[in-house]
Amino acid sequence: MYRTKTVGGLKLWGHFLTHLRSDRELSLAWSMVPASLFATTGTDMTQLQDLMTEILSHSPEARTVVLFIEQKPGEIEVQVTAKPPLHAKDLIKDWQPRGSERFAVALISGQSLPETEESVISVIKQRLRKVLS
C-alpha cells in the first residue's frame, strides 16, 4: 500500500484507522474525519471512497462502514457503504440520503461531529439489529 499512496494519503488512512470504531456483533465499522484533516494531510474527499472500499473488501467482519466527514463546523456528511442483504440508503433514511442500496450519503447540519456520530450510529445499530435478527 505504501507504494501506491502519497504520504498525505497514508496520513489520512492512519487517522481513519486510529479512530476506527466497531461493533463486531453487528458487523459495523465507523470513523470520523474532521474538516482540518484534509488541510493537514494535503488530501481531499476523493481518497475517502477508496478507503471505504478497501475496508469492506479486506475486512470480512465489516458488512457496513460509516464515515462521518466534517465539511465545516456544524455540517457533517455521512457516507454509508453496505454489503448485501443490507441497504445503505435504508440505514440512514431519516436524513434524506441520496444513493443506492450499496452506497448512500446524507448531509446533517446543526450538530457537531461527535453529536452526529452518536445519533446516527444509534439509529444504524437499531436498524441493523432488526435486519440481522
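**Reading the sheet, cores and pocket of a predicted model**

Mentor: Six strands build an open sheet of mixed pairing, in the order β1-β2-β3-β4-β6-β5. Strands (E, at least two residues) and helices (H or I, at least four) are DSSP runs numbered from the N terminus, and two strands pair if DSSP finds at least two bridges between them. β1 (21-23) and β5 (98-99) stand at the edges with a single partner strand each, so one side of each has no neighbour in the sheet. This is a predicted model, in which local features need pLDDT of at least 70 and side-chain atom pairs count only at pLDDT 80 or more, while totals for chains, interfaces and linings use all residues. Residues are numbered from 1 along each chain as its sequence is written, and side-chain values use heavy atoms, with hydrogens and water left out.

Trainee: How many bridges join β1 to β2, and do the two run parallel or antiparallel?

Mentor: Three bridges join β1 to β2, and the two run antiparallel. Ser-22 stands opposite Ala-29 in β2. The two strands form a hairpin with four residues between them, and Ser-27 in the turn has a positive phi of about 55°.

Trainee: Is Ser-27 buried or exposed?

Mentor: Buried means under 20% relative accessible area, exposed over 50%, and partly exposed in between (1.4 Å probe, protein chains only). Ser-27 counts as buried because its relative accessibility is 17%. Contact means heavy atoms within 4.5 Å. Leaving aside neighbours within four places in sequence, Ser-27 is in contact with Glu-61, Ala-62, Arg-63 and Thr-64. By contrast, Glu-118, found in helix α5, is exposed, with a relative accessible area of 61%.

Trainee: What joins β2 to β3?

Mentor: Six bridges join β2 to β3, which run parallel. The bridge partner of Ala-29 in β3 is Val-65, and that of Ser-31 is Leu-67. β2 is mostly covered, with five of its six residues buried.

Trainee: Which residues have the most contacts inside the largest nonpolar core?

Mentor: A nonpolar core is a set of buried Ala, Val, Leu, Ile, Met, Phe, Trp, Tyr and Cys residues joined through side-chain atoms within 4.5 Å. The largest has 23 residues, and Val-66, Phe-68 and Ile-124 have the most contacts inside it. Two or more residues each come from β2 (28-33), β3 (64-72), β4 (75-82), α4 (88-91), β6 (103-109) and α5 (113-132). α5 gives the most, with six residues. Another core lies apart from this one, with 15 residues, among them Val-33, Leu-37, Leu-51 and Ala-62.

Trainee: Which residues line the largest pocket?

Mentor: Rolling a probe the size of a water molecule over the atoms shows where empty space is left. On a 1 Å grid over the protein atoms alone, a pocket is an open set of points where a 1.4 Å probe fits, with protein on both sides within 12 Å along at least five of seven lines; lining residues have an atom within 4 Å of a point. Here the lining consists of Pro-85, Leu-86, His-87, Asp-90, Leu-91, Lys-93, Arg-127, Lys-130 and Val-131. α4 and α5 each give two or more residues to this lining, and α5 supplies the largest share, three residues.
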